[in-house]
Amino acid sequence: MSFHATVLTLFPEMFPGPLGISLAGRALEQGIWSLEARDIRASSTDRHRTVDDHPAGGGAGMVLKPDVLAAAIDAAAHEGPRLLMSPRGEPLTQPLVRELAGGPGCLIVCGRFEGVDERVIEKRNLREVSIGDYVLSGGEPAALVLLDAIVRLLPGVMGKQASGEEESFEGGLLEHPHYTKPNNWEGVEIPGILLSGDHKAIAKWKQAQREALTRARRPDLWQVHESGKI
């Protein structure tokens, strides 16, 4: 069974976007995964196709109406979790990506304006997910990031499964440095150990590099790694 993603958005023309090319695009053509972008506005019932209204209690901006968004969610046949791309959500991590990639699919709600009526989040059991501590104009770019991360982990997408096993965040560490020919570029040589043919020594070097980079650049990850939680 292929992975199926349903995206609810006010701008369905934004999909598949970059997901239609390269690895994700080929996998889409091969049927490894499928994508349906549904227009939230289609669930509006008034002649103006209204999807938003002023926030209760005052304040700037507009809020997506609960009746319209809930109707859009209910009309979308899907399997798997219901996600809402939100800056206040749980951080998108590699373990979460692997969890989602191991399922049948997901429904992704892309918010706009000031946000989504809280009652929809509660009543439709939306799991809020954030791709970082910053605010976007809408959830669509975040949904593209999430789906790209998921699709590349699906069986048959990457040429070598080992490609994903030494990447950043796998095992709680950042990725080691990479080199390729020419051996000498602008006076800098490829580290000799990588040309030695000694696979055990190379693996040890890569692990040491991962640990050193993580310790220096992401002390938060290093602390978790040292605690043995990963």
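## Salt bridges in a predicted protein chain

Arginine 88 and glutamate 128 form a salt bridge, with their closest N and O atoms 2.7 Å apart. Arginine 88 belongs to strand S5 (residues 82-91) and glutamate 128 to strand S7 (residues 127-130), so the pair ties together parts that are 40 residues apart in sequence. A salt bridge here is a side-chain nitrogen of Lys or Arg within 4 Å of a carboxyl oxygen of Asp or Glu. Strands (E, at least two residues) and helices (H or I, at least four) are DSSP runs, numbered from the N terminus.

This is a predicted model: local features need pLDDT of at least 70, side-chain atom pairs count only at pLDDT 80 or more, and totals for chains, interfaces and linings use all residues. Residues are numbered from 1 along each chain as its sequence is written, and side-chain values use heavy atoms, with hydrogens and water left out.

Is arginine 88 buried or exposed? Arginine 88 is exposed, with a relative accessible area of 51%, whereas glutamate 128 is buried, at 16%. Buried means under 20% relative accessible area, exposed over 50%, and partly exposed in between (1.4 Å probe, protein chains only).

By the salt-bridge rule, the count comes to 10. Two of these pairs are set out in the table.

| Salt bridge | N to O distance |
|---|---|
| Lysine 65 and aspartate 67 | 3.8 Å |
| Arginine 218 and aspartate 220 | 2.9 Å |

Salt bridges that share partners join Arg88, Glu118 and Glu128 into one network.

The residues in the table also have computed accessibilities. Lysine 65 is partly exposed, with a relative accessible area of 22%, and aspartate 67 is partly exposed at 47%. Arginine 218 is partly exposed at 29%, and aspartate 220 is partly exposed at 41%.

Now for the chain as a whole. The protein chain has 7 helices and 9 strands. Its C-alpha atoms fill a box of roughly 70 × 40 × 35 Å, taken along the principal axes. Of its 230 residues, 37% count as buried. Among contacts (heavy atoms within 4.5 Å) with a separation of 6 or more, 77% come from residues 24 or more positions apart.

The chain also carries 25 positive and 31 negative charges, whose mean positions are 3 Å apart. Lys and Arg count as positive and Asp and Glu as negative, while His and the chain ends are not counted. The place of a charge is taken as NZ of Lys, CZ of Arg, CG of Asp or CD of Glu.
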